[in-house]
Amino acid sequence: MTDPVADFLTRIRNAVMAGHKVVEIPGSSIKKGITRILYEKGYILSYKFLEEGPQGTIKIALKYEAKSRKPAIKSIERASRPGLRRYAGVDEIPRVLNGLGIAIISTSRGLMTDKEAAREKIGGEVLCYVY
(Lines give C-alpha, C1' and ligand atoms only; values in the text may rest on other atoms or scores of the structure.)
Protein backbone atom coordinates (compact mmCIF):
# COMPACT_ATOMS: atom_id res chain seq x y z
CA MET A 1 0.00 0.00 0.00
CA THR A 2 1.52 3.32 -1.02
CA ASP A 3 -0.70 5.68 0.98
CA PRO A 4 -2.12 4.26 4.24
CA VAL A 5 -3.67 7.60 5.32
CA ALA A 6 -5.66 7.82 2.06
CA ASP A 7 -6.81 4.21 2.61
CA PHE A 8 -7.90 5.15 6.17
CA LEU A 9 -9.91 8.15 4.93
CA THR A 10 -11.44 6.14 2.07
CA ARG A 11 -12.59 3.37 4.41
CA ILE A 12 -14.31 5.94 6.66
CA ARG A 13 -15.85 7.74 3.66
CA ASN A 14 -17.17 4.47 2.18
CA ALA A 15 -18.60 3.30 5.54
CA VAL A 16 -20.39 6.64 6.01
CA MET A 17 -21.85 6.54 2.48
CA ALA A 18 -23.01 2.95 3.02
CA GLY A 19 -24.57 3.84 6.40
CA HIS A 20 -22.45 1.44 8.46
CA LYS A 21 -22.28 1.87 12.23
CA VAL A 22 -18.76 0.47 12.71
CA VAL A 23 -15.68 0.35 10.49
CA GLU A 24 -12.48 -1.63 11.12
CA ILE A 25 -9.18 -0.28 9.84
CA PRO A 26 -5.61 -1.65 10.09
CA GLY A 27 -3.75 0.37 12.71
CA SER A 28 -0.69 2.62 12.71
CA SER A 29 0.43 5.47 14.93
CA ILE A 30 -0.62 8.23 12.49
CA LYS A 31 -4.06 6.62 11.98
CA LYS A 32 -4.50 6.41 15.76
CA GLY A 33 -3.66 10.11 16.03
CA ILE A 34 -6.17 11.05 13.34
CA THR A 35 -8.80 8.87 15.06
CA ARG A 36 -8.22 10.64 18.39
CA ILE A 37 -8.64 14.05 16.75
CA LEU A 38 -11.86 12.96 14.99
CA TYR A 39 -13.23 11.75 18.34
CA GLU A 40 -12.22 14.90 20.25
CA LYS A 41 -13.85 17.13 17.63
CA GLY A 42 -17.10 15.09 17.64
CA TYR A 43 -16.94 13.54 14.17
CA ILE A 44 -17.05 9.94 15.43
CA LEU A 45 -18.98 8.34 18.29
CA SER A 46 -16.21 6.19 19.80
CA TYR A 47 -13.13 4.19 18.92
CA LYS A 48 -11.15 1.23 20.21
CA PHE A 49 -7.57 0.19 19.50
CA LEU A 50 -7.29 -3.60 19.31
CA GLU A 51 -3.80 -5.10 19.55
CA GLU A 52 -4.37 -8.04 17.19
CA GLY A 53 -1.75 -9.14 14.71
CA PRO A 54 1.44 -7.27 13.87
CA GLN A 55 -0.03 -3.76 13.58
CA GLY A 56 -3.33 -3.94 15.41
CA THR A 57 -6.78 -2.76 14.35
CA ILE A 58 -8.76 0.42 14.90
CA LYS A 59 -12.52 -0.04 15.42
CA ILE A 60 -14.45 3.19 14.84
CA ALA A 61 -18.14 3.72 15.67
CA LEU A 62 -19.47 6.31 13.25
CA LYS A 63 -21.75 9.12 14.40
CA TYR A 64 -25.15 9.92 12.85
CA GLU A 65 -27.95 12.34 13.79
CA ALA A 66 -30.71 10.60 15.75
CA LYS A 67 -33.76 11.57 13.67
CA SER A 68 -32.52 12.18 10.15
CA ARG A 69 -29.67 9.60 10.18
CA LYS A 70 -27.36 12.14 8.51
CA PRO A 71 -23.67 11.46 9.17
CA ALA A 72 -21.54 13.80 11.27
CA ILE A 73 -18.81 13.57 8.60
CA LYS A 74 -20.10 15.30 5.48
CA SER A 75 -16.74 15.19 3.71
CA ILE A 76 -13.30 13.79 4.54
CA GLU A 77 -10.61 14.28 1.91
CA ARG A 78 -6.85 13.95 1.62
CA ALA A 79 -4.86 17.18 1.17
CA SER A 80 -1.24 16.01 1.05
CA ARG A 81 -0.38 12.87 -0.87
CA PRO A 82 2.83 10.96 -1.60
CA GLY A 83 3.18 12.48 -5.09
CA LEU A 84 2.52 16.05 -3.93
CA ARG A 85 3.12 16.92 -0.31
CA ARG A 86 1.31 20.03 0.97
CA TYR A 87 3.04 21.99 3.68
CA ALA A 88 1.72 25.12 5.37
CA GLY A 89 3.62 27.64 7.41
CA VAL A 90 2.05 29.49 10.31
CA ASP A 91 0.66 32.19 7.98
CA GLU A 92 -0.74 29.77 5.37
CA ILE A 93 -2.65 27.33 7.61
CA PRO A 94 -5.90 26.59 5.72
CA ARG A 95 -9.36 27.30 7.13
CA VAL A 96 -11.96 24.68 6.25
CA LEU A 97 -15.47 26.01 5.54
CA ASN A 98 -14.56 29.34 7.13
CA GLY A 99 -13.73 27.65 10.44
CA LEU A 100 -16.64 25.18 10.59
CA GLY A 101 -14.51 22.20 9.53
CA ILE A 102 -11.03 21.11 10.55
CA ALA A 103 -7.73 20.48 8.80
CA ILE A 104 -5.52 17.86 10.43
CA ILE A 105 -1.87 18.90 10.36
CA SER A 106 1.22 16.82 11.11
CA THR A 107 3.65 19.07 12.97
CA SER A 108 6.94 18.61 14.78
CA ARG A 109 4.89 18.43 17.99
CA GLY A 110 2.54 15.70 16.68
CA LEU A 111 -0.84 15.71 14.98
CA MET A 112 -3.16 18.65 15.67
CA THR A 113 -6.00 20.60 14.12
CA ASP A 114 -5.55 23.81 12.15
CA LYS A 115 -6.77 25.94 15.06
CA GLU A 116 -4.37 24.30 17.54
CA ALA A 117 -1.44 24.75 15.12
CA ALA A 118 -2.32 28.43 14.63
CA ARG A 119 -2.59 28.93 18.40
CA GLU A 120 0.83 27.33 18.95
CA LYS A 121 2.27 29.22 15.95
CA ILE A 122 3.57 26.09 14.23
CA GLY A 123 3.19 24.83 10.64
CA GLY A 124 3.48 21.39 9.10
CA GLU A 125 2.10 18.96 6.53
CA VAL A 126 -1.64 19.32 5.90
CA LEU A 127 -2.92 15.72 5.94
CA CYS A 128 -6.67 16.06 5.39
CA TYR A 129 -9.78 18.22 5.57
CA VAL A 130 -12.90 17.16 7.53
CA TYR A 131 -16.31 18.80 7.71
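Which residues of strand E1 are on the covered face, and which on the uncovered one?

I took residue numbers from 1 along each chain as its sequence is written. I worked from a predicted model, in which local features need pLDDT of at least 70, side-chain atom pairs count only at pLDDT 80 or more, and totals for chains, interfaces and linings use all residues; side-chain values use heavy atoms, with hydrogens and water left out.

**Strand E1**

I found Val23 and Ile25 on the covered face, with Val22, Glu24 and Pro26 on the uncovered face. I note that in a regular strand side chains alternate between the two faces of the sheet.

I then checked pairing, for which DSSP must find at least two bridges between two strands. I found E1 antiparallel to strand E3 (residues 57-62), over 5 bridges. I recorded Ala61 in E3 as the bridge partner of Val22.

**Strand E8**

- I found strand E4 (residues 76-78) paired with E8 over 3 bridges, and Glu77 has Tyr129 as its bridge partner in E8.
- I found strand E5 (residues 87-88) joined to E8 by 2 bridges, and Tyr87 has Glu125 as its bridge partner there.
- I found strand E6 (residues 102-107) paired with E8 over 5 bridges, and Ile102 stands opposite Val130.

Methods. Buried means under 20% relative accessible area, exposed over 50%, partly exposed in between (1.4 Å probe, protein chains only). Helices (H or I, at least four residues) and strands (E, at least two) are DSSP runs, numbered from the N terminus.
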